[in-house]
Amino acid sequence: MTENALDTSLAVVILAAGQGTRMKSALPKVLHRIGGRPLVGHVLDTARDLAPAHVLVVVRHERDQVADAVLGISPEVVVVDQDEIPGTGRAVEVAMERLGDFTGDVLVLSGDVPLLDYDTLDGLIASHRAAGAAASLLSAVVDDPNGYGRVVREADGTVARIVEQKDATAEEAAVTEINAGVYVFQAAPLRERLVRIGTANAQGEKYLTDVVALLRGDALTVAASVVADVTVTLGVNDRAQLAEAGRLLNLRTVRRWQLAGASIQDPATTWIDVTAELAPDVTVLPNTHILRATVVAAGSTIGPDTSLVDCEVGEGATVRRTDATLAVVGAGATVGPFAYLRPGTQLAAGGKIGTFVETKNSVIGEGSKVPHLSYIGDTTIGRGVNLGAGAITANYDDVAKHRTEIGDEVHSGSHNVFVAPVRIGDGAKTGAGAVIRKDVPAGALALSVAPQRNVEGWVENNRQGTAAAEAAARARTGEKADDGSQE
C-alpha cells in the first residue's frame, strides 16, 4: 500500500449499486473475486492509497451483502443507499447529498473496474487540477468499443459529450475512444448539474455522463486523459471478462514479486493472490497457487503442483505437490510430495511431512518426521520423533475428538494405530502393527502382537483345484513347476 498524506480536497465515490445481470449469478457482481479480493475490494485498496478525506460507496442491489463486504475491507468508508431512481447520475447525487458542503474534487470510480492503479488515478487528478477543469475523465482507445460509452470530441479536440452505446448514432458508434467510467469533478459544478439531468434516454436512467454535456453547454472546461495501458480501464460485466481481469491482475502480481527477487519459473501457471507475500530468493515452480494471506520466507521452494491457502512457510523450507490450508511449515522443513495439510497443522523447523500423509490440528516438533502413508489428527508430537509407515492417530470415537500426545525421540513401528486419548512417553518404542490403546511409559517398548498360528493344509483342504492349492502341493512334494523352476 502507498502511504500518502491526507488529501483534504479529495473525496472518492465508488459506484456499487448495480445488479450485474450478465454475470448470471446470485452473488452481486462487485463481490466476485479475482486475486483473492472482491472486485470492489481492489477499487477500495486503490482509493485508500490516494488518501482522500472521504470515501463513499453507493449500494442498492443486495444492499446488506455488499455493505457488509465493503465495511469488512474498509471499515472507515461511508455506505450510501441509492433509492429507486436508477442510474449512475442518481448514485453520485445521493453521495453528494451525504458529502454535504464539501468543496473539493470528487473522484468517481466503478466497483467493477478492479485494475485501475494508483499512478493512473494520481495522474488524472493532477492533470485535472493543473487544467482547472470543471470535470476530467479517463478514456481509452480500443479496437472494439462495443458496449462502452463513446467520447465525442469537438473539432479542436476538447470533449463535447459522452454518448452511451444504446443512444449512439451510427457515426457516434464508430468512435473508438471509449469512456472508462472514471471521472474527477469539482464538487460545486457537479452538484449544480446533477439536479438538472433527467431520464429521457433508452434506459430511463439518470446518466452521470449527461453532466459532461451540461458543463460544456455552460462553457466550462471538460478534459480527458487517454490511458496508455487500456487494460487498467477494463470493467467486468460477465464471467469471461472476470476471468480475463483475473489473468491480467495475476500477471501484474507475479511480475511484482519477480522484480522483488522471487524466482517464478512459469508465470502462466502460477497464481498469487494480492494478499500473499513472498520474500526474496523464494522459488515457485509450475502449477502452484499461493493464496489469501500466505507468507513464504526467503530461500523456500514451493511447488510444483502445490496450493497454499493462508499458510506460513519458514526460511529454506520445501513444499511440493501439496494441498495446505491454514498450516505452518517451519524453517528447513520438507512437505510432500502428495501431502494434505488441513487447518491447524504446525510443522516445526527441520521436520518432515511426507508422501500421502494427511495432518489436521496437530503440532509436529522440531526434527520430527511423518514420512509416508499416515493420518495424524488432533496430535502433539515432540522433538526427534519418527513415525513408521501407516501411522494413524485415531482421534474420533464417534462422539467426540480426542488428542494423542507423543513425546520426544519416540520411534514407532510400521502400521501403528494410536487410539486417542493416549500418551506415548519420551524415548518409547512401539512394535510393528501395534494398536496402542493405553499410555506407554517413557523408554518402554509397546507391543500388541497376538501369537501367530499356522493352520497346515488349509489351502489344499479349502481351495481344492485352485492354482494356489496346486503350488502348495508341489512345494510339499518337491516337484518342479511347469517352467522348470523349483517351487
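Ala 432 is in contact with Gly 413, Ser 414, Asn 416 and Val 449, when its neighbours within four places in sequence are left aside. The model is a predicted one. Ala 432 sits in the loop between strand E36 (429–430) and strand E37 (435–436). With a relative accessibility of 57%, Ala 432 counts as exposed, because the cut-off for that class is over 50%.

**Annotated positions**

Ala 432 belongs to a group of positions that an unreviewed UniProt entry annotates as "binding site"; the others in that annotation are Ala 389, Asn 395, Tyr 396 and Ser 414. Ser 414 is in contact with Ala 432, and Ser 414 also touches Ala 389. Ala 389 is placed in the loop between strand E30 (379–381) and strand E31 (392–394). Its relative accessible area is 22%, so Ala 389 is partly exposed, the range for that class lying between 20% and 50%.

The UniProt record, again an unreviewed entry, also places the feature "domain: MobA-like NTP transferase" at residues 12–136. Over residues 12–136 the chain is 38% helix and 23% strand.

**The largest pocket**

The largest pocket holds about 1,600 Å³ of space. It is lined by 42 residues, of which Arg 22, Lys 29, Thr 88, Asp 112 and Asn 237 are the closest to its centre. Strand E1 (7–16), helix H3 (88–99), strand E6 (105–110) and strand E10 (177–186) are the elements that give two or more residues to this lining. Which element provides the largest share of the lining of the largest pocket? That element is E10, with 4 residues. By residue class, the lining of the largest pocket has 22 polar, 13 nonpolar and 7 charged residues.

**Backbone details**

The bond from Gly 336 to Pro 337 has omega near 5 degrees, and the bond from Ala 420 to Pro 421 has omega near 0 degrees. Pro 337 is in the loop between strand E24 (334–335) and strand E25 (339–341). Pro 421 is in the loop between strand E34 (417–419) and strand E35 (422–424).

Two aspartates have a positive phi although neither is a glycine: Asp 281, at about 65 degrees, and Asp 378, at about 50 degrees. Asp 281 lies in the loop between strand E14 (277–278) and strand E15 (283–284), while Asp 378 lies in the loop between strand E29 (369–377) and E30. Is Asp 378 buried or exposed? Asp 378 is buried, because its relative accessibility of 6% falls under the 20% limit. Asp 281, at 58%, is exposed, because this value is over 50%.

The accessibility values of several residues are set out below.

| Residue | Relative accessibility | Class |
|---|---|---|
| Asp 281 | 58% | exposed |
| Ala 432 | 57% | exposed |
| Glu 312 | 46% | partly exposed |
| Ala 389 | 22% | partly exposed |
| Asp 378 | 6% | buried |

**A three-stranded sheet**

An open sheet is formed by 3 strands in the order E33-E36-E38, with parallel pairing. Its edge strands are strand E33 (411–412) and strand E38 (445–446), each of which pairs on one side only. In general, strands of a sheet pair through backbone hydrogen bonds, either parallel or antiparallel. E33 and E36 pair in the parallel sense over 2 bridges. Ser 412 has Thr 430, in E36, as its bridge partner.

**Glu 312**

Glu 312 is in strand E20 (residues 312–313). Leaving aside neighbours within four places in sequence, the contacts of Glu 312 are Val 295, Ala 327, Val 328 and Val 329. How many residues along the chain separate Glu 312 from Ala 187, and how far apart are their C-alpha atoms? The two are 125 residues apart along the chain, and their C-alpha atoms are separated by 46 Å.

Terms used: Residues numbered from 1 in each chain as written. Predicted model: local features only at pLDDT ≥ 70, side-chain atom pairs only at ≥ 80, totals over all residues. Heavy atoms only, no water. UniProt positions renumbered as here; feature names shortened; annotations may be inferred. Buried < 20%, exposed > 50% of the residue type's maximum accessible area, 1.4 Å probe, protein only. Contact = heavy atoms within 4.5 Å. 1 Å grid on protein atoms, 1.4 Å probe; cavity = no way out; pocket = protein on both sides within 12 Å on 5 of 7 lines; lining within 4 Å. Points joined across faces, edges and corners; volume = space filled by probe spheres on them. Nonpolar A, V, L, I, M, F, W, Y, C, P; charged D, E, K, R; others polar. Pairing = 2+ DSSP bridges.
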